Amino acid sequence: MRRFTLFFILVLALALVACGGDDGGASEPAGEASASRGEELYKQTAIGAASAPGCITCHSLDADVVLVGPPHAGVATRAETAVAGMSSAEFLEQSIVEPDEVITEGFSPGVMYQNYGSDLTDQEVADLVAFLETLK
C-alpha cells in the first residue's frame with residue numbers, strides 16, 4: 001500500500017509539472033518588452049524586491065482621477081514631448097528609476113517611491129514602459 005501511495009504521488013507530481021507553464025505560446029519571450037506583462041505588473045498593489053507600492057496604488061488610469069501622483073491616462077502622449085531630445089520610452093523609464101528628475105507640475109518631489117530602479121529588474125522596467133507607451 002505504501003508503494004502505491006508513493007507511486008501515485010510521484011505520478012501526480014509529474015502530471016502537474018507537465019501541465020504547468022505552457023500557455024500555448026501566447027506570452028512574449030523574456031528579454032523582449034511586453035505591454036501585457038507590464039500591465040499585469042502595473043496593476044499589482046505591491047511590486048519589486050521590497051514589495052514597494054505598485055503603480056496603480058498612486059496613479060489612476062482615468063484622466064479625471066488624481067490619487068497620489070498624476071493620472072496615467074494619456075501619459076505616452078505627454079511623454080513624447082516632456083523633455084526635448086528624449087524619446088517617450090526614455091522619459092518613461094527615467095520617470096520610474098529616477099522619479100524626481102522631472103516633476104509633473106502640481107506635484108511634489110520625494111513623494112514617489114525612490115528605489116524602483118534597484119528593486120525592479122530591467123525586464124520589469126521594460127515591461128512597465130511598454131505598457132505605459134500604450135496609454136496614448
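Which residues are buried in H5? Ser88, Phe91, Leu92, Gln94 and Ile96 are. Keep in mind that you're looking at a predicted model.

**Helix H5 and what follows**
- Helix H5 covers residues 88–97, and a loop links H5 to helix H6 (116–119).
- On the packing side, the buried residues of H5 sit against H4, H6 and H7.
- Glu98 is in that loop between H5 and H6.
- Glu98 has a relative accessibility of 40%, so it counts as partly exposed: the partly exposed class lies between under 20% (buried) and over 50% (exposed).

**Helix H7**
- H7 spans residues 122–132, and its buried residues are Val125, Asp127, Leu128, Val129, Ala130, Phe131 and Leu132.
- Those buried residues pack against H5 as well as helix H2 (35–42), helix H3 (55–58) and helix H4 (75–80).

**Ser36 meets Asp127**
- Ser36 is part of helix H2, while Asp127 is one of the buried residues of H7.
- Along the chain, Ser36 and Asp127 are 91 residues apart, yet their C-alpha atoms are separated by 7.7 Å.
- Buried or partly exposed: which is Ser36? Ser36 is partly exposed, because its relative accessible area is 35%.

Notes:
Residues numbered from 1 in each chain as written. Predicted model: local features only at pLDDT ≥ 70, side-chain atom pairs only at ≥ 80, totals over all residues. Heavy atoms only, no water. Helix = DSSP H or I, 4+ residues; strand = E, 2+ residues; numbered from the N terminus. Buried < 20%, exposed > 50% of the residue type's maximum accessible area, 1.4 Å probe, protein only. Contact = heavy atoms within 4.5 Å.
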